[in-house]
Amino acid sequence: MPAPDETVPDPATVRADRTVLDARDISRALTRISHELLERNKGATDLVLLGLHTRGVPLAKRIAEKIAAVEGAPVAVGELDVTMYRDDLRSQPTRRAHKTALPPGGIDEKVVVLVDDVLFSGRTIRAALDALADLGRPGAVRLAVLVDRGHRELPIRADHVGKNLPSALAERVSVRLAEVDGTDEVTIS
Amino acid sequence: MKHLLSIDDLTTDDIHELFETAADMHDVQGREVKKLPALRGRTVVNMFFEDSTRTRSSFEIAGKWLSADVINVSAKGSSTSKGESLRDTVLTVCAMGVDGLVIRHPASGAALQVSQWVDAAVVNAGDGMHEHPTQALLDAYTLQRHLGSLEGRHVAIVGDLTHSRVFRSNIQCLTRLGARVTVVAPPTLMPSGIGAWSAAAGFETSYDLDEVLRGAGAHGAADAVMMLRVQRERMSGAFFPSPREYTVGYGLTRDRLALLKPDVPICHPGPMNRGLEIAADAADAAQSVVLEQVSSGLAIRMAVLYHLLAGDTRGGMA
């Protein structure tokens, strides 16, 4: 008879992460988003990809690489930190701010695509829209996210979604990316 | 961190964190819209009981760029000149619902004293001959931008040490960041008891500026030179026979400038007494970072106000 600890699963592992997207799924989703962006924008001209800290930044870079591979020309990419614009700044201990770096051409009259890992309450995107207004006047702003998990608290929607992931409020959706976490996966727990 | 009264209030991690935030704030200076919403709805009062141009305006701009409401109270023109005590003035201002109090006062320890009376976050913008923490932070931040890490680098601090709060804060900040420091002053302007202090804190003292600049001192060649202002307003006795004699012994003259490598940054906290502690040739040299210190000061003060006031003020620094 096998020892109990081999047959009875540890409760911790039962409740543990369920992988929703693996590395290849993530890559395929980003490829699709890249093509959607190009189709919608009719090419890569005037396109600026702005990754939101932390994991939106590598995602924006990956989409930019995919677009560059299709179009044969580099696309402008930057990073945006919205810490100072958050509506919960007051209710927490002071958060670390990160770097905001715009591509050399700026964002005026450009089609700015905000890139983030998870769309949840929509409050980060609200903050990002406020931050953009202080940085310039884009011609249009679009939103691309790897995962939309629902539970919006503001009238905000994404234009390009890697995966719609209906989730319970209590569940935890984690995006891990090789550049930040050493591995590519999306899990829910 | 509830207040910033002394460099001693900060851990080394806090200092690095402030520097990183300051680097982000630095970018804002180049923007068309120089405004961040982080301190919207917060009120900051600048209380200056001593004259100041750069520190006060830098705190004022820092607060405004972070969207705080900033009010200036100076001793001249306030009820202090009618004989109101410091405590009453501070409590009156704080009764108006102030979140941050930036204070400069000629008495050492004034900021600490004030912090015990009020709920607002207190920033020491210079208290007598004691400390001036944001100046030390901006000096170290400026030097770090030029030298990379300060670990093992040699900084010479030259001038009126006795009356200098900038020097007292800088010693703590620079040694904390791993810099080797030599302080140079005429014997009359060397603080009494500095021997025990330098032994404990691990910095060198010297009476011979030429020797230090030539690299013949204990720490070798300097990687940065920080000139201090001769503070005539704090001098009650004769600390040196004549200004000329001070310049000959301890001024950064054209001849001494030639002893420095061209990439050695020259700092001065300002205001400069040109021709006394620093010659125009040195003040305007390509390696002078005096104006860069001013823009760094703004970034550092934005970082300090952000960390003290942006978050839940009951919590600490995250």
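In helix 3 of chain A, the buried residues are Ile26(A), Ala29(A), Leu30(A), Ile33(A), Ser34(A) and Leu37(A). Viewed down the helix axis, these buried residues fall within an arc of 140 degrees, so they line one face of helix 3 of chain A. The model is predicted. In chain B, 5 strands form an open sheet with parallel pairing.

**Helix 3 of chain A**

- Helix 3 of chain A spans residues 23–41, a run of 19 residues.
- From its first C-alpha to its last, helix 3 of chain A reaches 27 Å, close to the 27 Å expected at 1.5 Å a residue.
- The exposed residues Arg24(A), Arg28(A) and Glu39(A) are carried on the face of helix 3 of chain A turned away from its buried side.

**Sheet of chain B**

- The strand order in the open sheet of chain B is 7-6-5-8-9.
- Strand 7 (204–206) and strand 9 (266–267) of chain B stand at the edges, each with a single partner strand, so one side of each has no neighbour in the sheet.
- Strand 6 (residues 180–184) of chain B runs parallel to strand 7 of chain B and is joined to it by 3 bridges.
- Opposite Thr182(B) stands Glu204(B), in strand 7 of chain B.

**Helix packing on the sheet**

- Helix 6 (residues 165–176) of chain B lies across strand 5 (154–158), strand 6 and strand 8 (224–227) of chain B.
- Relative to strand 6 of chain B, helix 6 of chain B runs at about 160 degrees.

Terms used. Residues numbered from 1 in each chain as written. Chains lettered and ligands numbered in written order. Predicted model: local features only at pLDDT ≥ 70, side-chain atom pairs only at ≥ 80, totals over all residues. Helix = DSSP H or I, 4+ residues; strand = E, 2+ residues; numbered from the N terminus. Expected span 1.5 Å × (residues − 1). Buried ≥ 20, exposed ≤ 12 C-beta atoms within 10 Å, placed from the backbone. Arc of directions from axis to C-beta. Pairing = 2+ DSSP bridges. Contact = placed C-beta atoms within 7 Å. Axes fitted to C-alpha atoms, helices over the stretch in contact; angles between N-to-C directions.
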